[in-house]
Amino acid sequence: MASITYENACCVYPGADTLAVDSLNLDIEDGEFVVLVGPSGSGKSTALRMLAGLEEIDSGTIKIGGRSMVGVAPKDRDIAMVFQNYALYPNKTVGENMGFALKMRGIPVDERKAKVAEAAKLLDLTDYLDRKPAKLSGGQRQRVAMGRAIVREPQVFCMDEPLSNLDAKLRVQTRTQIAALQRRLGTTTVYVTHDQVEAMTMGDRVAVLKFGELQQFASPAELYARPRNAFVAGFIGSPAMNLFDAPVAGGAIQVAGGTVDLTDDDAARLRSSGLDRVTVGIRPESLGLAAGQDGVPAEVAILEDLGSDTYVYATIDDPKVEAAGGGPVTLVARCPRQTVARIGQAIRLRQVEPTVHLFHPQTGERLD
């Protein structure tokens, strides 16, 4: 086990006009589970491959246990990689797949079998050691790939979207198993995913990337409660945070004839910013349906009935208010399951709580 440090680490692909990873700085503690998350093309997989030695570090450095990895071959980094596509040998049994790396290193047969048996017990694979991969489910194959990494007892686990090929139910089950297993082993783990729900439920800390640049590195709770910028605010959370640009007048945010409720601290930040427009972020759970003539008028566009809750997507008609990035505004409100609404119905939305996030309309940075 070891700590990991990215120090201004950069990577650029030949012929590219921009850096795939741009001056990445991360300090990952020994035994920590860190998730790299971001949309496609954000540089998260490249950052992981730089750590594993599969991509060159063009400038800066990456350290494992305080030792620079610049120029160090992948086989000498003491890292075990788990890929999206399992990469199992179809002609070998589960036990042979798990122990193959040990065999190549010349580990004696008895010691090899003992390590494979121990890993199989951790992963509930003991009854499948004599089966071939073709006779296993997707989740079992992924656990075999995990077992192959575990038996090596590496300093670091690198996992590149290992759950992408699994169905929704199996993804939830397997991500729980991976998180629990990592806690038990205590091995430093860097995990890449594009799924922000996966990131929030698995990681001790989460690094959010966009276009190769780090946007925020924090605990899931901090990312959710205090996103550093509008990109993080819109990326973290499901459904995504409502983000829209609205005019400021008289120290208040004007929306469809009403004002947005603000805490005293937020109101003070807004006044001190001197802005005449601001990007407002409101989580769906902070919005609900209003009775009578209270709230903001809107029209129901979509209903998502999830059983426990209903998400109401409603458009508001105010030419001075537009979605962040432009276009009409659709607000999402999380409502109780018994909510009575239908598509096309005129409703009124109200703030259930005054928890609002304020961002600069040009830079996207949080107003602090």
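Author: The axes of helix 2 and helix 4 come within 7 Å and cross at roughly 35°. This is a predicted model, with local features needing pLDDT of at least 70, side-chain atom pairs counting only at pLDDT 80 or more, and totals for chains, interfaces and linings using all residues. Residues are numbered from 1 along each chain as its sequence is written, and side-chain values use heavy atoms, with hydrogens and water left out.

Reader: Which residues of helix 4 make the contact with helix 2?

Author: Contact means heavy atoms within 4.5 Å. Helix 2 contributes Val 94, Asn 97 and Met 98, and the helix 4 side consists of Val 144, Gly 147 and Arg 148.

Reader: Are helix 2 and helix 3 parallel, perpendicular or oblique to each other?

Author: Their axes (lines fitted to C-alpha atoms, for helices over the stretch in contact, with angles from 0 to 180 degrees between N-to-C directions) come within 9 Å and cross at roughly 130°. Angles under 35 degrees count as roughly parallel, over 145 as roughly antiparallel, 65 to 115 as roughly perpendicular and the rest as oblique. Helix 2 and helix 3 are therefore oblique.

Reader: Which residues of helix 3 meet helix 2?

Author: On the helix 2 side are Gly 95, Met 98, Gly 99, Leu 102 and Lys 103. In helix 3 they meet Arg 112, Lys 115, Val 116, Ala 119 and Ala 120.

Reader: What is the handedness of the crossing of helix 2 and helix 4?

Author: A crossing is left-handed if the near helix is turned anticlockwise from the far one by less than a right angle, and right-handed if clockwise. The crossing of helix 2 and helix 4 is right-handed.

Terms used:
Helix = DSSP H or I, 4+ residues; strand = E, 2+ residues; numbered from the N terminus.
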